[in-house]
Amino acid sequence: MKADILLGLQWGDEGKGKAVDVLTPRYDVIARFQGGPNAGHTLEFEGKKHVLRSVPSGIFQGNKINIVGNGVVLDPALFKAEAEALEASGIDLKQKLHISKRAHLILPTHCLLDAAYEAAKGAAKVGTTGKGIGPAYADKIGRNGVRVGDILHDFDRKYAYIKANHERILRNLNYDYDITKIEREWFEGIEYLKQFKLTDSEYEINDMIHSGKKLLCEGAQGTMLDIDFGSYPFVTSSNTISAGACAGLGIAPNYIGDIYGIFKAYCTRVGAGPFPTELFDEIGEEICQLGYEFGSVTGRKRRCGWIDLVALKYAVMINGVTKLIMTKSDVLDGFEIIKVCVAYNVNGTEFDHFPYDINADVKPVYTELPGWQTSMKKMQNENEFPAEFNGYLFFLEETLGVPIEIVSVGPDREQTIMRYTEEEE
Ligand code: GDP
Ligand code: IMO
Ligand code: MG
């Protein structure tokens with residue numbers, strides 16, 4: 001059996017949470033492979049909305065095992081708040097959720113450092129989620145991190161050592177802070193974490209694969225936020241791409257099966273950094289309002305723009321995407337014309353590859369397609385799709401060279417249409 005991956009192809013918030021939830025019945029295990037509580041994965045069913053941060057999005061359907069992999073960074077205080085809310089809603093999280101001992105911990109001082117580094121950057125700030133992600137991954141790579149498995153032995157000494165290092169940096173940055181309350185909540189989180197199954201998840205996962213269990217690896221953020229291939233330095237601090245699933249869970253590349261790449265019918269970005277197709281006019285505002293484009297973690301308004309096929313093609317290549325999922329199709333229901341960025345123009349020269357440096361000189365080149373001007377929200381089957389919508393799908397599939405197998409027409413689990421599949425799916 002091979003493990004499938006589902007990951008974002010744009011700048012995050014493509015609808016990964018909803019898609020993982022929809023696909024969960026086909027799998028035995030759902031495993032998050034990178035990122036931390038910077039993620040906000042939203043699911044809607046039975047009239048209720050749920051936002052997950054560190055817990056995988058397979059937690060609501062059936063009795064599936066959900067794994068927080070070694071590639072994830074975990075904040076015990078935020079995890080406790082999220083997990084207790086899930087437990088209160090009747091989910092037996094302590095049975096269903098396993099956490100890798102190799103996952104790194106986000107310390108209270110990582111969050112302070114995140115804020116201090118952003119403040120020091122001034123106008124050049126990244127616009128992080130403020131969850132300590134960059135400093136936690138920096139300590140992991142710098143071999144100074146503290147891991148989940150460390151909470152079981154000699155933890156206070158390790159914590160004190162790294163905290164003292166961080167406090168020296170904070171003093172150098174003249175950053176004022178009071179750690180008392182956040183540190184207390186953090187240690188409460190550590191005690192809570194001890195009640196969970198802390199595992200050698202790489203063994204667990206490989207045993208499951210070899211015994212024929214079906215595994216779905218859930219990404220966070222998106223390809224354009226990848227530390228290597230995103231719009232550096234306006235990125236997150238992990239590998240959000242398909243290769244990240246191998247490193248973040250301990251799965252060898254030859255055990256990877258399908259790679260689902262998810263994208264919105266348009267683009268959004270939250271935080272700073274280049275965004276060639278960003279709209280600053282009333283169309284951008286309309287997309288924002290219709291798509292309710294406000295961050296699920298920070299509440300920040302997301303920047304909106306037309307779909308960018310230069311970036312999307314790049315993402316398909318880097319990830320080896322085998323199946324596409326398009327979400328938020330319904331948000332474009334009312335538009336007469338839909339623009340699609342097919343190339344970039346820099347000082348009069350057009351090209352369709354993703355450049356090393358996206359700056360103000362990069363201008364999008366658009367093709368205009370007719371809008372469908374029909375409400376898609378209640379559609380159940382692709383036979384109901386308007387001709388113009390099929391034209392949009394066909395144009396994207398032709399350009400990207402990968403079939404769009406799932407179309408999402410609303411936030412609810414039910415508002416999902418499968419294509420190219422047999423009835424039972
Ligand atoms: P994720 O981070 O990739 O899981 O995405 P988010 O949950 O941050 O953002 C996606 C938002 O769009 C959430 O509020 C979803 O409920 C919502 N959503 C997902 N699919 C659709 C869709 O097809 N149509 C509409 N209108 N909303 C959707
Ligand atoms: P999901 O999983 C959208 C953005 C931040 C900032 C940059 C770095 O819900 O799609 P970080 O806190 O990671 O150091 O911030 O990345 N960012 C996201 N944008 N969706 C996310 O996650 C994001 N996680 C981080 O806004 O620009
Ligand atoms: Mg999100």
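Reply: Two elements, α1 (16–23) and β3 (41–45), each supply at least two residues of the shell around ligand 1. Helices (H or I, at least four residues) and strands (E, at least two) are DSSP runs, numbered from the N terminus. This is a predicted model, in which local features need pLDDT of at least 70, side-chain atom pairs count only at pLDDT 80 or more, and totals for chains, interfaces and linings use all residues. Residues are numbered from 1 along each chain as its sequence is written, chains are lettered from A and ligands numbered from 1 in the order in which they are written, and side-chain values use heavy atoms, with hydrogens and water left out.

The shell draws at least three residues from each of domain 1 (3–100 + 200–260) and domain 3 (263–418); these bounds come from an automatic or database domain assignment. There are 20 residues around ligand 1, and Lys16, Gly40, Thr42, Asp330 and Ser408 come nearest. A residue is near if one of its heavy atoms lies within 4 Å. By class, the shell has three nonpolar, nine polar and eight charged residues. Here Ala, Val, Leu, Ile, Met, Phe, Trp, Tyr, Cys and Pro count as nonpolar, Asp, Glu, Lys and Arg as charged, and the others, Gly among them, as polar.

An oxygen atom of ligand 1 is 2.7 Å from a polar backbone atom of Lys16, and for Gly15 the distance from a ligand oxygen to a polar backbone atom is 2.9 Å. An N or O atom in the side chain of Arg302 is 3.3 Å from an oxygen atom of ligand 1. Taken alone, ligand 1 exposes 580 Å², and the protein buries 94% of that. Accessible areas come from the Shrake-Rupley method with a 1.4 Å probe.

Gly40 also belongs to the metal site: Asp13 (OD) and Gly40 (O) coordinate the magnesium ion (ligand 3) at 2.0 to 2.2 Å. Asp13 lies in the loop between β1 (3–8) and α1, and Gly40 in the loop between β2 (29–32) and β3, so the pair ties together parts that are 27 residues apart in sequence. Donors are N, O and S atoms within 2.8 Å of the metal (3.2 Å for Na, K and Ca); water is not among the atoms, so sites may look incomplete. Asp13 is partly exposed at 22% relative accessible area, whereas Gly40 is buried at 10%. Buried means under 20%, exposed over 50%, and partly exposed in between (1.4 Å probe, protein chains only).

Methods
A polar contact is a pair of N or O atoms within 3.5 Å; within protein, one must be able to donate a hydrogen and the other to accept it, and residues adjacent in sequence count only if both atoms are side-chain atoms.
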